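Please read the following note with the structure open beside you, and check each point by eye as you go.

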Amino acid sequence: MGARAEAVIDLAALRSNLDYLLGPACGGPEVARMVIVKADGYGHGAVEIARVAREAGVPWLGVALPSEALRLRTAGDTGRILAWLYAPGDPDLATCIAADVDLSAGSLGMLNDIAAAARSCGRVARVHLKIDTGLGRGGCAPGSWSDLLAAAVASPDIDVVGVWSHLASADIPDAPETDEQIAAFEHALAEAERAGVHPQVRHLASSGAALSRPDTRYDLVRLGIATYGVPPGPRIDLGSLRPVMTLRGTVAATKRVPEGHGASYNLTWRAPRQTTLALVPIGYGDGLPRTARGAQMLIGGQRHPVVGRIAMDQVVVDVGEAPVTAGDEVVVWGTGGSGEPTAQEWAAWDDTIGYEIVTRVGARVPRRYVEE
Ligand SMILES: *Cc1c(COP(=O)(O)O)cnc(C)c1O
């Protein structure tokens, strides 16, 4: 019996991607790799992805939230982890410091929070100071950088191990703003040196830049989406990277309907001819983008259109005269190698990016890990 819906995570593809990313595609051995497993490993399962990454020899893991870092520790991970995003007074900060998790500070307030948390558990916190080189999100404004550096140097509770920033257009290889951000980063690094801060790692690049801009690699590259084999942008060369996730389901039922019969809420679609409709029990409650237009699924080796509205739990697929029956396998997206759509195609159908498509696969969908 096929599963109602499941995300099959191909660990062989993951290992192959890790090998590729640990090789010359992202720089030499002098560049350290950090695999990003925030948001439950972009929907793939953070703990499993982390385990395989460590086995492959990845020295760093990155997450957004302290709670995400602690989940990895609870699962037994003992390597370097960086967590960079939290609200003031996050109770997990002290737990992170006690658990040897590196934290990021992009403001005096964050630095003070970390120092207080470090004192509360009698430890010195390892900190990566973040400079805003233009993205306008987290990170210290250049005008306050020298104050942040001075405060970090003066604090007995803080050990600065990293200086870092994040690019606005890592997905576009020749974006002029990347040149500007590199210049701003160089400036911030020089200022740090003058302040007596000599970080173990300087890092700027996420997947797109790591693959396409050697001048952004510094000492470490942060690899999220590339690890999962999803393109960071349309112009980034993916080399041998391949998608790790296949989202699949099973046809629940089929029926013949006459010309003019509607399908799904508000009857936005009507059968242009007599046809067979297949009911596929997967919907936006599982992470499918409800606003996708022109979506297709692979059933019986052939692509068929999703018709009418995508509902919370189910969609209707017009399979025409194809001999589809209840119990047939449905591939929603996968590698594309057997003709199925990719997450990237779903992204195009919903005017979004592949990141969002894989990341929002819901908690209701079991992940099944396979070595293909
Ligand atoms: C998510 C994230 C990354 C990874 O980006 P990808 O494009 O998925 O490689 C790197 N750095 C920061 C700060 C991030 O938030």
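1. A salt bridge is taken here as a side-chain nitrogen of Lys or Arg within 4 Å of a carboxyl oxygen of Asp or Glu. This is a predicted model, in which local features need pLDDT of at least 70 and side-chain atom pairs count only at pLDDT 80 or more, while totals for chains, interfaces and linings use all residues. Residues are numbered from 1 along each chain as its sequence is written, and side-chain values use heavy atoms, with hydrogens and water left out.

2. The structure holds 27 salt bridges. In one of them Arg15 pairs with Glu371, with the closest N and O atoms 2.4 Å apart. This pair links distant parts of the chain, since Arg15 lies in helix 1 (residues 11-22) and Glu371 in the segment after strand 19, 356 residues apart; helices (H or I, at least four residues) and strands (E, at least two) are DSSP runs, numbered from the N terminus. Arg15 counts as partly exposed at 26% relative accessibility, where buried means under 20% relative accessible area, exposed over 50%, and partly exposed in between (1.4 Å probe, protein chains only). Salt bridges also join Arg15, Glu48, Arg51, Glu55 and Glu371 into a network.

3. Glu6 forms a salt bridge with Arg368, and their closest N and O atoms are 2.8 Å apart. Here too distant parts of the chain are linked, with Glu6 in strand 1 (residues 5-10) and Arg368 in strand 19 (residues 367-370), 362 residues apart. Glu6 is buried, with a relative accessible area of 8%, whereas Arg368 is partly exposed at 39%.

4. Asp102 and Arg126 form a salt bridge whose closest N and O atoms are 2.7 Å apart. Asp102 belongs to strand 5 (residues 102-105) and Arg126 to strand 6 (residues 125-130), 24 residues apart. Asp102 is buried at 0% relative accessibility, while Arg126, at 23%, is partly exposed.

5. Which parts of the chain does the pair of Tyr42 and Tyr228 tie together? Tyr42 lies in helix 2 (residues 38-42) and Tyr228 in the loop between strand 9 (220-223) and strand 10 (245-250), so the pair ties together parts that are 186 residues apart in sequence. The two rings are stacked, at 4.8 Å centre to centre and with 25 degrees between the planes; rings of Phe, Tyr and Trp (its six-membered ring) pair if their centres lie within 6.5 Å, and planes under 30 degrees apart count as stacked, over 60 as edge-to-face and the rest as tilted. Both are buried, Tyr42 at 7% relative accessibility and Tyr228 at 0%. Ring pairs also link Tyr42, Tyr228 and Tyr355 into a cluster.

6. The largest nonpolar core has 115 residues, and those with the most contacts inside it are Ile114, Leu129, Leu288, Met297, Trp333 and Trp346. Such a core is a set of buried Ala, Val, Leu, Ile, Met, Phe, Trp, Tyr and Cys residues joined through side-chain atoms within 4.5 Å. Domain 1 (31-228) and domain 2 (245-370) both give residues to this core, so it lies between them; these bounds come from an automatic or database domain assignment. A second, separate core of seven residues includes Val257, Ala263, Leu277 and Val307.
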